[in-house]
Amino acid sequence: MRKLLMSLAVLAFAAPAQAQFRPEPLTPIGQKIETASKSDIRSAEEKERDRERRPRQTLEFLGLKDDMRVIELLPSGGWYTKILAQVLADNGELYAAIGTERQLEPMIKQLPALSKVKIARTDAKLTPASSQMGFFEINEFSLGVTDADLVLTFRNLHNFTAPSRANLHTAVLKSLKSGGLYGVVDHTRRHNESENSENWRRMDPVLAIKEIQAAGFVLVDYSNVHYRPDDELRYEVGRKTVTGNTDRFTLLFRKP
């Protein structure tokens, strides 16, 4: 009897422990994102970065659905574009906007899986800032797309001067339908820290929230999906000891 009671006690403790470490079942959109992430159109290097960029968790938090009209701003080499394009291919629409000419547009022509990606023909003019080295200015502009459900930008806000960020947020607001979402991810700068040679490619999340709210958005939520306790917020994001492991804020806003 004593052995039986001990066995039951072990099982009672083991069951919650096993449940704690058992992965949660994927949602339908989570499964689509995972499938797209494993696609052979993505390079081994791109897949390796999934570990720290966590695309499924990020896109689920930012409200992605497979039937949305989505705009991705400043997509660079298309790291997220390759995932978004596959998730939205059957039921949704994906537009890429600003700075697409050098890398993304040639890639779209080469990869059949990206053939449905549309280029948003904006009147935005991106120019190096005359006042701040390493920063860019962007004029008042229109994204050329209306009634979007979701606009996304990943690690881009820190590249712009404050007036240019205001122009960007205003353009995003105009492109979204009422109730549309605006998802923002960027490298974290320590709050109220003056700009220096180490932090210029980081963004103060409190400042980001204030600026986006000033454009007319409502803050919906934030996520700690990219919280990194060992990033001291002291060093340039390209340093070998920091790159790939920066703390990043992840914010979601809504157009009223």
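Which loop does R102 lie in? Here R102 sits in the loop that runs between strand 2 (93-97) and helix 7 (104-110). That residue comes back in the last view; a few ground rules go first.

This is a predicted model, where local features need pLDDT of at least 70, side-chain atom pairs count only at pLDDT 80 or more, and totals for chains, interfaces and linings use all residues. Numbering starts from 1 along each chain as its sequence is written, and side-chain values use heavy atoms, with hydrogens and water left out.

**View 1. The whole chain, for orientation.**
We have 9 helices and 9 strands here, taken as DSSP runs numbered from the N terminus (helices are H or I, at least four residues; strands are E, at least two). The C-alpha atoms fill a box of roughly 80 × 45 × 40 Å along the principal axes. Of the 256 residues in the chain, 47% are buried; buried means under 20% relative accessible area, exposed means over 50%, and partly exposed is in between (1.4 Å probe, protein chains only). Take the contacts (heavy atoms within 4.5 Å) between residues at least 6 apart in sequence: 71% of them join residues at least 24 apart.

**View 2. Helix 9 and what covers it.**
Helix 9 spans residues 205-214, and its buried residues are P205, A208, I209, E211 and I212. Their cover includes helix 8 (162-175), strand 7 (176-187), strand 8 (218-223) and strand 9 (248-254). At the start of helix 9, look for D204: one of its side-chain oxygens reaches to within 2.9 Å of the backbone nitrogen of V206. Just after the helix, G216 takes a positive phi of about 120°.

D247 is found in the loop between strand 8 and strand 9. It is buried yet has no salt bridge, and the nearest side chain of opposite charge, R202, is 6.3 Å away. What D247 does have is a polar atom of its side chain lying 2.8 Å from the backbone nitrogen of R228. Leaving aside residues up to four places away in sequence, D247 touches several others, including D186, H187, T188, H226 and Y227.

The structure holds 17 salt bridges. In one of them, R248 pairs with E52, with the closest N and O atoms 2.7 Å apart. That pair links distant parts of the chain, with R248 in strand 9 and E52 in helix 4 (residues 50-53), 196 residues apart. Both ends are buried: R248 has a relative accessible area of 5%, and E52 has 4%.

R56 and E60 also meet in a salt bridge (3.1 Å, N to O). They are 4 residues apart in helix 5 (residues 55-61), so about one helical turn separates them. E60 is partly exposed at 26%. E193 and R190 form another salt bridge, at 3.3 Å, N to O; E193 is partly exposed at 25%, and R190 is partly exposed at 35%. Salt bridges that share partners join E34, R56 and E60 into one network.

**View 3. T161 in its loop.**
T161 is found in the loop between strand 6 (148-154) and helix 8, and is buried at 6% relative accessible area. Its side chain makes a polar contact with the side chain of S164 (2.9 Å). A polar contact is a pair of N or O atoms within 3.5 Å; within protein, one must be able to donate a hydrogen and the other to accept it, and residues adjacent in sequence count only if both atoms are side-chain atoms. Not counting residues up to four places away in sequence, T161 touches A129, Q132, F135, F136 and E137.

**View 4. R102, back to the opening question.**
At 77% relative accessibility, R102 counts as exposed. The C-alpha atoms of R102 and S76 are separated by 8.3 Å, with the two residues 26 apart along the chain.

Notes
Lys, Arg positive; Asp, Glu negative; His and termini not counted. Salt bridge = Lys/Arg side-chain N within 4 Å of Asp/Glu carboxyl O.
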